[in-house]
Every structure is written in structure tokens, then in C-alpha cells.
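Me: I need to get through this structure for class. Please keep the answers plain.

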Amino acid sequence: FVRFDGIPGHRGIGVVVVEADAPGVRLERGARFVGTRGLPHGEMYFDDAVVPKENLVRGPGHFADLMAAFNMERVHNSTLSLGLAEAAYAEAVAYTEGRNAFGKPIIEFQASYHSLVEMRMAIDAHRMLTYRAAAGAKEGRYPDALESSMAKLSGCTMLPEVTLKAMILCGGDGTTLEHATQRLHRDSMAALVAGGSPPVLKNAIASQLFPGHYFKQ
């Protein structure tokens, strides 16, 4: 996504493809993130890079169409939250069933199984929103903006709570770097910002729920 010279505001945004080996393009290792370390991260620099005309995907003046692509990204992010939450739940169940205290598995203590019930309900509620959003992507269409935004918001706010509960249920082991729950909790941080942070998503949802009002943000 780039801005075309002399065209202010969102109307000046378009899309080009820039080859990684084009003159003036540099890719460098960026900051190290707290989570999602299995995904490549980096910084891109363009020093007087020249993009040939045939690499133009969409010129300026089509911002609404371009933004529709984020509806698909938000569904992708919703499925990420779903998968990570399921993994955290599975880790918590396995740990609490396999560890004993005072002569019985710790899953049989009310504090444990109440937390697991809360996790299960939160995950399944998010699953329904994700499936609804994904079902709208058919016949060559992107998912519905409202449904994908609601699914993304649901996932990115549910996931950190579920992974944190999993860490707590796994006790001291859950906070060690050798245990999966701490990695899942660190990975959950990416869901909060990728594809739109919660405040941005709430703005998008409100503007679609109440189209007769103008929300300046």
C-alpha cells in the first residue's frame, strides 16, 4: 500500500508490487517480538526504489475496495485466536488431569474446573462468530465487514484471558520457558494488534451498527 504523489487523504492510497531484489530495496531483521517468533519479522527500506508500471495492482481512488481485503485478514486472525486458545485449553486440561494434590487430580478442585468451563465457553462462543464470518466469504466475495470485525474483536480479547488462565492452572510449570502455555500467552499478544487493535475494531463495528451517525475517530 503506497501513497501516490499529490493526492491527499485516503484517496491517494493505492497498491503496487515491489520485488524483493529490486534496486533500492533493503530487507533487514527488525525488532524481536515478545511472541509469534515462528513468523518472520523485519523492516523494509525503499531508497529511491523504482517500481515498473506493470507492477501497479490498483491505483489511487479505490480505498474502500482495498480496505475490504482486511475483512479476510480479520477472519484469518480470528482463526489464529481460535487455534491458540484451543491449544491453551488442551494444555490446561492435560496438566490438571495429570497432576495430583492432596490425593486427587487438581482438575477435581472447583477452582480448576470452573476455570476450564469458563475457557471452554469463551472459546466456543468465539468459534461461532468466526464460522459466521468465514461463511460470508463465498462466490468470490470477501467476508462481511461487520461480521469479520466482530469475530476479530472477539478473538483478540478472548485469547489473552484464556492463555493466562491456562498458565495459572499449570502453576509454576506454566511460567517456565519449557512449558507451552507461556509461549501461547506470549503469542496471544500479536492477536491484539494484528488486523486491527480493539479500539480500531470497535470504531469499525460502531460505524456499521449505526450508519446514521458520524464517528470522527
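Predicted model: local features only at pLDDT ≥ 70, side-chain atom pairs only at ≥ 80, totals over all residues.

Me: Ok. Is Arg127 buried or exposed?

Reply: Arg127 counts as buried because its relative accessibility is 18%.

Me: What does Arg127 form a salt bridge with?

Reply: Arg127 forms a salt bridge with Asp124, and their closest N and O atoms are 4.0 Å apart. The term means a side-chain nitrogen of Lys or Arg within 4 Å of a carboxyl oxygen of Asp or Glu. Asp124 is partly exposed, with a relative accessible area of 34%. Helices here are DSSP runs of H or I with at least four residues, strands are runs of E with at least two, and both are numbered from the N terminus.

Me: What else forms a salt bridge with Asp124?

Reply: Arg120 does, with the closest N and O atoms 2.7 Å apart. Arg120 and Asp124 are four residues apart in helix 2, which means a separation of about one helical turn. Glu86, Arg120, Asp124 and Arg127 are linked in a network of salt bridges. The count of salt bridges comes to 10.

Me: How many residues does helix 2 have?

Reply: Helix 2 covers residues 110-135, which is 26 residues. From first C-alpha to last it reaches 37 Å, close to the 38 Å expected at 1.5 Å a residue. The expected span is 1.5 Å times one less than the number of residues.

Me: Which residues of helix 2 are buried?

Reply: Among them are Ser112, Leu116, Met119, Ile123 and His126. The cover over the buried residues of helix 2 includes helix 1 (63-98) and helix 3 (145-169).

Me: Changing topic. Where is Asn77?

Reply: Asn77 sits in helix 1. Asn77 counts as buried because its relative accessible area is 7%. Apart from neighbours within four places in sequence, Asn77 is in contact (heavy atoms within 4.5 Å) with Lys152, Ala191 and Ala194.

Me: What is the strand order in the open sheet?

Reply: The order is 1-2-5, three strands with antiparallel pairing. Strand 1 (2-3) and strand 5 (56-58) are at the edges with a single partner strand each, so one side of each has no neighbour in the sheet. Pairing takes at least two DSSP bridges between two strands.

Me: Which residues are bridge partners?

Reply: Arg3 has Ile13 in strand 2 as its bridge partner. Val15 has Arg58 in strand 5. Strands 1 and 2 pair over two bridges, and two bridges also join strand 2 to strand 5.

Me: Which residues make the nonpolar surface patch?

Reply: Val18, Leu27, Met44, Phe46 and Val51 make a patch of about 460 Å². Patch residues have over 30% relative accessible area and no salt bridge, with nonpolar side chains (Val, Leu, Ile, Met, Phe, Trp, Tyr) joined within 5 Å and like charges within 9 Å. Areas come from the Shrake-Rupley method with a 1.4 Å probe, and for residues only the protein chains shown count as cover. Val18 is in the loop between strand 2 (13-16) and strand 3 (25-29). Val18 is partly exposed at 31% relative accessible area.

Me: Last one. How many residues apart in sequence are Lys138 and Arg26?

Reply: They are 112 residues apart in sequence, and 37 Å apart in space, C-alpha to C-alpha. Lys138 lies in the loop between helix 2 and helix 3, and is partly exposed at 45% relative accessibility. Arg26 is partly exposed at 35% and meets Glu28 in a salt bridge of 2.5 Å, N to O.

Definitions and conventions: Residues numbered from 1 in each chain as written. Heavy atoms only, no water. Buried < 20%, exposed > 50% of the residue type's maximum accessible area, 1.4 Å probe, protein only.
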